[in-house]
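Please open the model in a viewer and keep the sequence panel at hand.

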2 protein chains.
Amino acid sequence: MNEYFSESVDGFQAIRFDGQRLQLIDQRRLPAEEVWLDVGSAEQAGRAITDLVVRGAPAIGITAAYAAVLAARQRGDDLAGWRADMRQLEQARPTAVNLSWAVRRMCEAVEQLGRLDPESLAELAVSIHREDIAANRRMATLGSELIESGSGVLTHCNTGSLATGGIGTALGVIVAGVRDGRIARVFADETRPWLQGSRLTAWELARADIEARVIVEGAAAALMASGQVDWVITGADRIAANGDVANKIGTYALAVLARHHGVRMMVVAPSTTVDADTASGAAIEIEQREAGEIWRAAGLEQAPTGFAAWNPVFDVTPAELIDAIVTEQGVFEPPYRF
Amino acid sequence: MNEYFSESVDGFQAIRFDGQRLQLIDQRRLPAEEVWLDVGSAEQAGRAITDLVVRGAPAIGITAAYAAVLAARQRGDDLAGWRADMRQLEQARPTAVNLSWAVRRMCEAVEQLGRLDPESLAELAVSIHREDIAANRRMATLGSELIESGSGVLTHCNTGSLATGGIGTALGVIVAGVRDGRIARVFADETRPWLQGSRLTAWELARADIEARVIVEGAAAALMASGQVDWVITGADRIAANGDVANKIGTYALAVLARHHGVRMMVVAPSTTVDADTASGAAIEIEQREAGEIWRAAGLEQAPTGFAAWNPVFDVTPAELIDAIVTEQGVFEPPYRF
């Protein structure tokens with residue numbers, strides 16, 4: 001359906017755009033149902049980002065770029081209205097760095113041209129999408145080449161086609177590594193509390209015909225002790241200038257367990273994830289979420305009296321526990337200089 | 001209601017017996033509902049054990065002892081019938097060492113007397129229950145004394161009044177430590193895949209008016225890095241002669257993370273848990289469970305195509321990662337000699 005997109009896409013394409021219409025698979029309803037949402041306006045796109053229809057930093061950025069095209073078609077000559085749409089869109093998930101980055105790129109193009117041209121904006125949005133696909137491919141190749149034949153890997157959260165525009169970051173390395181015959185065993189953490197592993201990564205791997213086994217986080221140490229894992233491979237939400245990595249809660253635990261077991265740790269993320277303004281992980285504030293996602297899993301419909309949780313979204317893995325950081329620009333090893 | 005039980009019981013009493021009637025709180029329905037089941041026969045007691053109405057090795061043993069009394073009242077002079085009931089009961093959960101231990105003690109008493117005497121069997125069952133209460137108290141005191149004032153603790157699974165006859169093993173130490181003013185912060189792993197932590201431990205602690213926070217297993221490393229935890233305290237399913245500990249999946253991960261962060265690791269279990277016939281953890285076979293409890297958590301009603309799991313029930317923590325093993329006989333430290 002993608003006229004603007006003649007290139008063949010690696011993996012599953014979770015974001016579809018034909019120049020007029022944006023379609024997103026509703027990730028909240030996976031894996032039980034594959035429901036596609038038609039997105040006709042920037043406002044709808046913003047809501048889809050806020051409501052987690054689409055998640056994953058690169059996927060959010062691409063969605064925002066396409067949303068800017070939809071807004072340009074709607075606004076016609078109303079440049080001020082379009083700018084207001086963009087300010088609104090940028091608020092959809094304030095912490096997502098790729099969201100503001102994509103909106104900024106679309107705004108700069110409009111300012112340069114001095115008017116709204118939906119066709120040139122569509123070309124730019126598609127090129128942002130293409131850049132992500134190419135970056136994914138490059139990371140997949142570079143990461144896969146680090147892995148010895150016959151290896152087992154363990155991943156965390158979801159970093160595949162649902163989270164990016166292409167084959168994925170960490171999951172892209174795994175897909176490439178399996179196809180190259182380097183990876184013989186794939187394990188995925190279910191990734192509490194949101195279960196991105198058992199809901200999304202398992203679904204993506206099944207769709208790609210890759211055999212994988214899901215584990216509860218508590219089983220990761222026993223799995224490593226069993227000798228079935230050679231690499232832990234994860235994505236990153238933010239990488240500090242010294243190589244400290246903020247990523248989904250549980251990543252740091254895997255890094256400590258990996259080091260204890262002689263398992264190596266690889267982080268895969270586009271170079272835009274490296275934040276030169278953050279000197280180290282100590283400067284990264286860790287967001288806490290409410291307890292509901294924990295007590296609801298325990299079968300409760302409302303908060304029980306006295307129930308509290310310590311429920312951070314991210315953790316920080318110190319650079320010294322990471323054996324390789326792979327971006328589309330190359331493979332970095334400690335001490336990290338990007 | 002417990003005529004046979006004049007002694008005051010520490011904590012919540014999950015097993016009630018008045019000489020005629022056995023009552024069990026249905027742990028499958030906690031924390032949403034507190035439902036008590038009346039158990040009138042050894043067959044019903046066996047089913048309650050099989051169906052996980054009651055769980056936790058000491059609690060299963062006590063339930064079996066009371067079930068032997070119920071069977072004696074029903075069988076009258078039919079000693080052969082009673083023996084058949086006992087063989088049946090012992091099958092309720094074949095791997096639970098306390099189950100066969102309790103049944104054996106009841107059988108030995110009957111063989112010595114040469115006939116079924118419900119009153120003397122009831123006295124023996126109550127004394128088995130009392131022994132567990134006393135052992136729990138002793139462990140709670142010994143374990144609590146190891147903890148410095150102002151400490152934070154993290155526990156795993158459920159090891160309290162629901163799993164034992166008294167105040168509990170690891171959770172008993174925590175309750176005692178909070179009451180003694182030694183423990184200032186309590187954290188509990190939710191304990192996937194069964195969620196004993198968020199379902200049962202959180203319920204018990206709230207009932208005991210102890211403030212606690214539940215975490216997902218993935219957050220344990222970040223919690224330790226934050227400096228809020230000084231001791232990890234868990235129970236044990238089996239302790240090998242060298243001090244290796246088999247316990248709920250996730251315990252070994254906590255032990256590795258604790259060592260990395262300078263957090264100490266305490267295992268609390270009655271001396272009957274020490275298995276002199278098992279030289280080391282390498283001899284302990286780890287049971288795997290089916291994938292259902294993982295994909296059902298992901299919101300799926302039936303097994304998705306290609307979904308597989310690596311889902312062991314237990315893991316083994318090597319003795320060298322454990323700083324103290326507390327039984328009712330004392331505090332053991334490495335190298336372990338029981």
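Select A:Arg28 to begin: this residue is partly exposed, with a relative accessible area of 43% (buried means under 20%, exposed over 50%, partly exposed in between, with a 1.4 Å probe and protein chains only). A:Asp26, by contrast, is buried, at a relative accessible area of 1%.

The model is predicted, so local features need pLDDT of at least 70 and side-chain atom pairs count only at pLDDT 80 or more, while totals for chains, interfaces and linings use all residues. Residues are numbered from 1 along each chain as its sequence is written, chains are lettered from A and ligands numbered from 1 in the order in which they are written, and side-chain values use heavy atoms, with hydrogens and water left out.

Next, select B:Arg105 and B:Glu131, which form a salt bridge with the closest N and O atoms 2.8 Å apart. B:Arg105 lies in helix H4 (residues 97–113) of chain B and B:Glu131 in helix H5 (residues 118–144) of chain B, so the pair ties together parts that are 26 residues apart in sequence (helices, H or I with at least four residues, and strands, E with at least two, are DSSP runs numbered from the N terminus).

Now display both chains. Here 47 residues of chain A are in contact with 47 residues of chain B (heavy atoms within 4.5 Å). The area buried between chain A and chain B is about 3500 Å², with carbon and sulfur atoms giving 73% (the accessible area, 1.4 Å probe, that two parts lose on being put together, summed over both). Highlight A:Val216, A:Tyr252 and A:Trp310: they supply 19% of the area that chain A buries against chain B, more than any other three residues.

Which residue forms a salt bridge with A:Glu190? Select B:Arg192, where the closest N and O atoms of the pair are 2.5 Å apart.

Finally, select S12(A) and strand S6 (residues 213–215) of chain B, which run parallel and are joined by 2 bridges (strands pair if DSSP finds at least two bridges between them). Within this pairing, A:Ala309 stands opposite B:Val214 in S6(B).

Note on methods
Salt bridge = Lys/Arg side-chain N within 4 Å of Asp/Glu carboxyl O.
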